[in-house]
Amino acid sequence: MDQITFHYDTVLSDVHLLLPNSRHLMARLNRVGQPGTGEQHTMATPLEDVGKQVWRGAFLLADLILSQPTTFRGATVLELGAGTGLTSVVMATVAKTVYCTDVGEDLLSMCQKNVTLNRHLMEPAGGEVRVRLLDWLRHDLCTDADAEFGWTEDEVADLHDNTTIIIAADVCYDDDLTDALFRTLYRICNNLRLPCTTYLSIEKRLNFTLRHLDISCEAYDHFRHCLCEMQELKDGRTCFTVEQVKPSFPQCLLYERIEQLELWKVTAVPV
Ligand SMILES: C[S@@+](CC[C@H](N)C(=O)[O-])C[C@H]1O[C@@H](n2cnc3c(N)ncnc32)[C@H](O)[C@@H]1O
């Protein structure tokens with residue numbers, strides 16, 4: 001029998017995709033929950049590969065898109081930390097262009113395969129997903145012509161001129177990365193020509209910590225702290241407004257919409 005060995009830093013997925021035929025979003029897993037040839041999602045990964053799993057926050061954002069298509073129709077969209085690309089694919093069923101970004105050649109290749117596998121879902125509305133490298137730890141977009149997932153100058157211009165929506169699902173789980181994500185969000189919003197709305201989904205994961213000798217949720221608390229800082233920012237360039245969105249919109253996809261799953265909206269308006 002096949003066996004999976006879980007190491008101390010293995011992160012298990014809460015989401016199990018059951019996909020009876022290949023025309024559904026993402027492909028079927030093999031017996032041990034790992035992708036076989038052409039199958040583009042895993043259910044257990046080391047921490048640095050968490051993007052190869054689909055997280056509940058991706059489904060929550062996908063549900064938002066499916067239940068409010070007019071909000072996103074024809075838009076130019078940027079997804080940060082897209083992982084498998086599921087939410088970008090759903091977005092491209094209504095939006096015009098989705099820049100689906102993450103880091104790591106193998107993750108981006110997996111994401112690109114998912115986009116290609118699901119092209120038929122986007123074609124009717126004419127939407128497209130462009131898988132690109134965007135590392136929150138870098139200050140610039142990679143425009144190296146030799147890089148497989150690098151940006152062209154035209155794409156950078158399109159991003160800055162036309163983006164009105166940014167999405168990011170389950171990207172705040174490490175405080176340093178969360179800081180880098182918010183710095184990236186701030187930098188990008190400051191470079192946009194148009195007002196922009198960012199939707200961030202997050203799952204409040206409760207842990208018992210020895211430091212507090214209690215249940216706490218440090219990653220979530222830090223996320224909330226970053227949101228507050230953003231709202232209080234007065235730089236004379238962009239005004240940020242933060243509000244929580246009640247996930248009361250219909251659930252179209254099959255996953256557990258637990259109460260710890262939250263959605264936040266950040267509106268950026270050039271001053
Ligand atoms: C928990 S996964 C969420 C993936 C996907 N959004 C979902 O919900 O299924 C976090 C994502 O953040 C990405 N990420 C981590 N560090 C990053 C960085 N420095 N720049 C860009 N993306 C990063 C990971 O590669 C991963 O895809």
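Among contacts in the protein chain between residues at least 6 apart in sequence, what percentage join residues at least 24 apart? The answer is 70%. Contact here means heavy atoms within 4.5 Å.

Some ground rules. This is a predicted model, where local features need pLDDT of at least 70, side-chain atom pairs count only at pLDDT 80 or more, and totals for chains, interfaces and linings use all residues. Residues are numbered from 1 along each chain as its sequence is written, and side-chain values use heavy atoms, with hydrogens and water left out.

Now the overall picture. The protein chain has eight helices and eleven strands. Both are DSSP runs, numbered from the N terminus: helices are H or I with at least four residues, strands are E with at least two. The chain has 271 residues, and 48% of them count as buried. Buried means under 20% relative accessible area, exposed means over 50%, and partly exposed is in between, with a 1.4 Å probe and protein chains only. The accessible surface of the chain comes to about 13,600 Å². Carbon and sulfur atoms hold 52% of that surface. These areas come from the Shrake-Rupley method with a 1.4 Å probe; for residues, only the protein chains shown count as cover.

On to the ligand. How many residues surround it? There are 20. The closest are W55, G81, D102, D135 and A169. By class, the shell has 13 nonpolar, four polar and three charged residues. For those classes, Ala, Val, Leu, Ile, Met, Phe, Trp, Tyr, Cys and Pro are nonpolar; Asp, Glu, Lys and Arg are charged; the others, Gly among them, are polar.

A polar side-chain atom of D102 is 2.6 Å from a ligand oxygen. A polar backbone atom of G81 sits 2.8 Å from a ligand nitrogen. A backbone N or O atom of A169 is 2.9 Å from a ligand nitrogen. Taken alone, the ligand exposes 590 Å², and the protein buries 95% of that.

Next, D170. This residue is in the loop between β6 (163-169) and α7 (175-191). Most residues other than glycine have a negative phi. D170 is not a glycine, yet its phi is positive, about 50°. D170 is also buried, at 8% relative accessible area.

Another loop holds A75, between α2 (69-72) and β3 (76-79). Is A75 buried or exposed? A75 counts as buried, at 8% relative accessibility. Leaving aside neighbours within four places in sequence, A75 is in contact with A95, K96, T97, T164 and I165.

Now strand β11, residues 261-270, where L263 is placed. L263 is buried, with a relative accessible area of 0%. Not counting residues up to four places away in sequence, L263 touches several leucines, including L60, L61, L64 and L200. Also on its list are Y199, S201, Q244, V245 and F249. L263 and V245 are 18 residues apart along the chain, and their C-alpha atoms are separated by 5.4 Å.

After β11 comes a segment that contains V271. V271 is exposed, with a relative accessible area of 71%. Beyond residues up to four places away in sequence, V271 touches G236, R237, T238 and C239. V271 and C239 are 32 residues apart in sequence, but 6.2 Å apart in space, C-alpha to C-alpha. C239 counts as partly exposed, at 43% relative accessibility.

Last topic: cysteines. A disulfide is a covalent bond between the sulfur atoms of two cysteines.

How values were computed:
Near = heavy atom within 4 Å. Polar contact = N/O pair within 3.5 Å; in protein donor to acceptor, adjacent residues only side chain to side chain.
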